[in-house]
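Dear colleague,

Please find the structure below.

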Amino acid sequence: MKPRKNTKRVPSFRKLLRTSQIKLDNKLKNKQFKQKSAAKKYRKEQKKLREAVRDAISRKPFPLEECKKKQVAKKWEEKEEEEDALPLDMMDEDDLKLMEDLAQKASFLTRDLSSNEPVHVKKRKHESVIEKYEKVPRRLQTEPEKELIHLLPIKDKSGIIPQAVEKPVLNVAHDEEEDTEDMEEGEDFNEEPLPVLTPEEMAAQRRQKLQERKMHIAALASAILSEPDSNIKKLKELRAMLMEQDPNVAVIVRKLVMVSLMEIFKDIAPSYKIRPLTEAEKATKVKKETQKLREFEEGLVSQYKFYLENLEQTIKDWKQRKMKKSNVISLKAYKGLAEVAVKCLCELLVALPHFNFHNNIIVLIVPLMNDPSKMISELCVEAVKKLFKQDKLGYASLGVVKVISGLVRGRNYDVRPEVLKVFLHLRIKEVELQKDSEDIAPKKKFMTYKEKRKNLSRMQRKWKKAEEKLERELLEAEASESKEKKLKLHTETLNIVFVTYFRILKKAQKSPLLPAVLEGLAKFAHLINVEFFDDLLIVLHSLIASGDLSYRESLHCILSAFHILSGQGDVLNIDPMKFYTHLYKTLFSLHAGGTNEDIGIVLQCLDVMFAKRRKQVSQQRALAFLKRLSILALHVLPNSSVGILATNRVFMQTFPRMDLLLDNESQGSGVYLPELDEPEHCNAQNTALWELHLLQRHYHPTVQKFASHLIAGAPTEGSGALPLDLSQRSATELFETYCMKGMTFNPPVASVTPRRKDTFSHMDSFVDEELNKQLQQHISETVAHKPLDFAKHLKESSLA
């Protein structure tokens with residue numbers, strides 16, 4: 001009979017990947033139990049075979065042993081003595097002969113004399129061979145039973161002769177003695193001192209090992225990149241090097257393998273997401289190329305998953321301060337490994353947003369944005385910012401925003417402000433949405449059934465149907481996102497962002513997250529629903545009136561309020577005079593120190609409050625802000641002065657009669673009150689912009705140009721007009737262009753010819769005297785009634 005083939009199908013790698021650990025353990029236990037049962041069954045069969053061989057051997061005549069004869073004769077003699085038998089010399093010859101004949105029969109000797117059965121009983125025909133064998137006298141088994149190896153039997157005239165050979169028995173005791181001797185010799189050998197290496201030799205040995213590992217990594221990576229389809233299995237070999245056990249090179253090798261695998265996955269990963277095959281697809285027969293592609297995709301996804309799990313485990317070990325049992329890597333080295341693992345995850349987050357397990361990477365990266373380690377936190381924040389900037393569709397951004405919102409709520413708003421500031425980099429703007437919608441091609445319009453029937457023949461309709469089907473498939477393959485779908489994703493993302501912001505405004509107003517919330521509201525305020533405008537403005541005003549906010553947070557509140565009012569809030573009948581007053585009061589809090597960077601927020605506020613709402617602004621308010629901004633320009637750095645003077649230029653060109661402040665002879669009602677915080681009642685029309693004369697002698701050439709331009713009345717043409725590179729830029733752009741973060745003069749100072757030291761000192765003293773004279777003259781002419789208060793105010797603001 002032909003043996004049946006084992007048709008059991010070997011489980012695929014994907015099926016094993018989905019199998020749980022408990023199921024794998026059960027399978028292992030069942031396998032071990034089957035192996036034990038098979039071994040036990042084999043031993044039983046061997047035992048039965050040995051017994052059958054012994055039965056066959058026992059059928060031959062078995063001679064009595066001499067020692068047994070002696071024992072039986074001795075027992076017989078003792079029995080005769082007990083029964084007081086007669087001596088042999090007194091017996092008859094016939095009786096003696098009978099006794100000798102009986103003595104030669106085994107049945108007589110082996111018979112139980114105590115039984116009542118007669119001596120000459122016929123043998124039973126049904127007596128088994130085993131019972132015969134049991135009746136045969138045997139020796140005590142003092143030696144271990146020898147195991148037989150059964151060979152093929154020999155057949156001759158007498159019958160079948162079984163053949164067997166004794167299996168050689170290993171002397172266990174002797175082997176154990178030898179093993180102990182070898183171990184003792186090994187211990188003696190280990191006790192011998194190893195050759196001591198010098199530090200130079202140890203360094204050379206370490207460099208050699210490291211070079212070998214590098215070459216091995218490079219060879220594997222080159223093979224994978226050259227032919228990914230054929231060498232996908234080498235990814236497993238390369239990933240196994242993440243468990244390097246040599247303590248001398250373990251840290252460096254693991255870092256190199258992490259980075260190498262990250263670059264390999266970035267190169268060989270396809271531009272689509274690999275989905276698992278269905279059962280029907282697996283059962284379908286496909287071409288060799290398709291099967292090869294499926295195997296490549298399965299291997300790639302599985303190895304990518306294992307690689308991400310290794311990175312996650314490395315970070316967890318460092319966070320939990322765990323040390324492996326092998327003690328190959330110290331706890332200090334785990335921080336370096338964790339940093340490399342985080343860098344790899346950040347690179348994959350940005351480079352493969354379309355590939356598998358991207359949401360898993362987001363779940364790993366977002367909590368690390370709030371990590372106490374500044375380096376790791378900055379790495380994760382920068383990666384999320386890059387992801388937001390390059391995400392055109394919105395899928396990845398929506399996933400990140402959801403996780404951040406859950407993190408903020410789960411930590412009870414106790415997170416770093418940088419976590420919320422990443423929302424500012426979302427690509428959700430009115431301009432970008434319109435631009436993206438223009439780029440999207442209009443939908444292809446297909447002919448209706450009536451149009452086809454009316455205009456086309458039967459054959460043409462058939463061809464047209466096939467053509468439209470092909471076009472639909474091509475449109476699906478292009479994966480072009482419609483405007484509605486994109487707007488839907490952006491709307492959902494913004495809803496989550498605003499929910500996070502409003503929760504913080506409602507429940508955590510004293511949280512350090514408030515500045516980030518106000519900054520975010522200022523950016524996205526034009527996208528908020530009109531229904532929330534009234535409540536939001538009330539909340540912002542209450543925050544400002546509470547006095548708990550810093551000047552920077554107050555500026556963000558003001559900017560948020562005016563963004564709301566300048567967009568859809570135009571339809572609301574709200575007077576924002578309180579926000580103007582607060583900004584007017586806040587201006588003197590800024591100076592050339594650490595607050596100089598916040599001038600950019602002030603310039604944005606002024607642009608929204610005056611340039612975009614010029615019809616709602618009175619002349620008195622514009623004059624008051626123009627005068628206070630001119631005073632502020634004396635106390636800040638050059639880039640801030642340029643931005644403020646550019647804003648003053650917009651004031652003079654937008655609002656009429658601003659040239660009143662350029663004429664010192666013009667008179668009006670009242671006296672200018674510079675210390676008053678109400679712009680409508682400070683009588684700014686009764687003062688002059690004497691600060692422009694000082695700024696005209698500023699050391700920065702751009703400040704000089706703007707001051708001269710404003711003194712001339714800010715003309716658009718003529719000799720007093722600005723160059724095009726300055727006139728066409730906004731105040732915020734000029735502020736950023738002439739920034740001095742690098743501690744260098746911008747623009748660079750032209751080289752001058754050296755002069756004598758005494759000449760410079762004489763010129764400096766002369767300039768100081770002239771400036772002091774002009775300053776005293778303007779103060780006396782402008783403020784005649786309160787010269788001391790105004791000088792005191794200028795002194796306090798300059799000291800601040």
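Val 165 is found in strand S2 (residues 159-166); strands (E, at least two residues) and helices (H or I, at least four) are DSSP runs, numbered from the N terminus. The model is predicted, so local features need pLDDT of at least 70 and side-chain atom pairs count only at pLDDT 80 or more, while totals for chains, interfaces and linings use all residues. Residues are numbered from 1 along each chain as its sequence is written, and side-chain values use heavy atoms, with hydrogens and water left out.

With a relative accessible area of 40%, Val 165 is partly exposed (buried means under 20%, exposed over 50%, partly exposed in between, with a 1.4 Å probe and protein chains only).

The whole structure holds 14 salt bridges (a side-chain nitrogen of Lys or Arg within 4 Å of a carboxyl oxygen of Asp or Glu). One of them joins Asp 246 to Lys 209, with the closest N and O atoms 3.1 Å apart. Asp 246 lies in the loop between helix H9 (234-240) and helix H10 (250-268) and Lys 209 in helix H8 (residues 199-226), so this pair ties together parts that are 37 residues apart in sequence. Asp 246 counts as buried at 15% relative accessibility, whereas Lys 209 is partly exposed at 22%.

Another salt bridge links Lys 316 and Glu 312 (3.3 Å, N to O). Both residues lie in helix H12 (residues 288-319), four residues apart, about one turn of the helix. Lys 316 is partly exposed at 38%, as is Glu 312 at 26%.

Yours sincerely
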